[in-house]
Amino acid sequence: MKPALNGQGKDLFAGIAVSNYDASLDWYQRFFGCEPSFFPNEVEAVWQVAEHLMIYMIVLPQHAGHSIQNVMVADLEPVVSQIAARGIQSNKEERPESNTRKVSYYDPDGNEIGLIHVSS
């Protein structure tokens, strides 16, 4: 299989449109378990999830609620437990394959952020 962009991509900067900056900032800080890595401007906040993976929220009310992001994690259960301890419960769980488990969360606008673990 040929890689997209001829394999020239080096980082992923994935965006999530939100309608309310303060409510979303609070929710994502609790979800990620930390403050944003940086604030590019007054309508965005960025979290670095891994070395080359960043997810940001941006206030774009006309697009809010239509995002789907998924993060592959090495060990799902501790992450789900930590998020629950911060007051956020998962909204949906799926097992699309026998060795795959996906837990989904929905932010205040209805954007989906999923955590996926694939066992060997």
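Let me start with a hairpin: β5 and β6 form one, with 2 residues between them. Strands here are DSSP E runs of at least two residues, helices are H or I runs of at least four, and both are numbered from the N terminus.

Some ground rules. This is a predicted model, where local features need pLDDT of at least 70, side-chain atom pairs count only at pLDDT 80 or more, and totals for chains, interfaces and linings use all residues. Residues are numbered from 1 along each chain as its sequence is written, and side-chain values use heavy atoms, with hydrogens and water left out.

β5 and β6 pair in the antiparallel sense over 4 bridges. Two strands count as paired if DSSP finds at least two bridges between them. Strands of a sheet pair through backbone hydrogen bonds, either parallel or antiparallel. Glu93 stands opposite Val103 in β6.

How many of the 6 residues of β5 are buried? The number is 0, so β5 lies largely in the open. Buried means under 20% relative accessible area, exposed means over 50%, and partly exposed is in between, with a 1.4 Å probe and protein chains only. Take Glu94, in strand β5. Glu94 has 29% relative accessibility, so it counts as partly exposed. Leaving aside neighbours within four places in sequence, Glu94 is in contact with Thr100, Arg101, Lys102 and Ser104. Contact means heavy atoms within 4.5 Å. Now look along the chain: Glu94 and Asn6 are 88 residues apart, and their C-alpha atoms are separated by 32 Å.

Now the whole sheet. It is open, with 4 strands in the order β4-β7-β6-β5 and mixed pairing. β4 (68-72) and β5 (92-97) are at the edges with a single partner strand each, so one side of each has no neighbour in the sheet. On average, neighbouring strands of this sheet are turned by 25° against each other, direction ignored. For angles, axes are lines fitted to C-alpha atoms, for helices over the stretch in contact, and values run from 0 to 180 degrees between N-to-C directions.

Next pair: β6 (residues 100-106) with β7 (residues 112-118), antiparallel, over 7 bridges. Lys102 stands opposite Ile116 in β7. α1 packs on this sheet, touching β6 and β7, and its direction makes about 10° with that of β7. α2 also lies across β6 and β7, running at about 15° to β6.

Which residues make up the covered face of β4? Gln69 and Val71 do, while Ile68, Asn70 and Met72 make up the uncovered one.

Asn70 has a bridge partner in β7, and that is Gly114. Gly114 sits in strand β7. Is Gly114 buried or exposed? Its relative accessibility is 0%, so it counts as buried. Not counting residues up to four places away in sequence, Gly114 touches Gln69, Asn70, Val71, Lys102, Val103 and Ser104. Gly114 and Val79 are 35 residues apart along the chain, with 12 Å between their C-alpha atoms.

On to the other sheet. This one is open too, with 3 strands in the order β1-β3-β2 and mixed pairing. Its edge strands are β1 (12-18) and β2, each pairing on one side only. Neighbouring strands here are turned by 20° against each other on average, direction ignored. β2 and β3 (residues 53-59) pair in the antiparallel sense over 6 bridges. Glu44 has Ile58 as its bridge partner in β3. α1 packs on this sheet as well, touching β1, β2 and β3, at about 15° to the direction of β2.

Last stop, the pocket. The largest pocket holds about 200 Å³ of space. A pocket is an open set of points on a 1 Å grid over the protein atoms alone, where a 1.4 Å probe fits, with protein on both sides within 12 Å along at least five of seven lines; lining residues have an atom within 4 Å of a point. Volume is the space filled by probe spheres set on the points, which are joined across faces, edges and corners.

The lining divides into 10 nonpolar, 2 polar and 1 charged. Nonpolar covers Ala, Val, Leu, Ile, Met, Phe, Trp, Tyr, Cys and Pro; charged covers Asp, Glu, Lys and Arg; the others, Gly among them, are polar.
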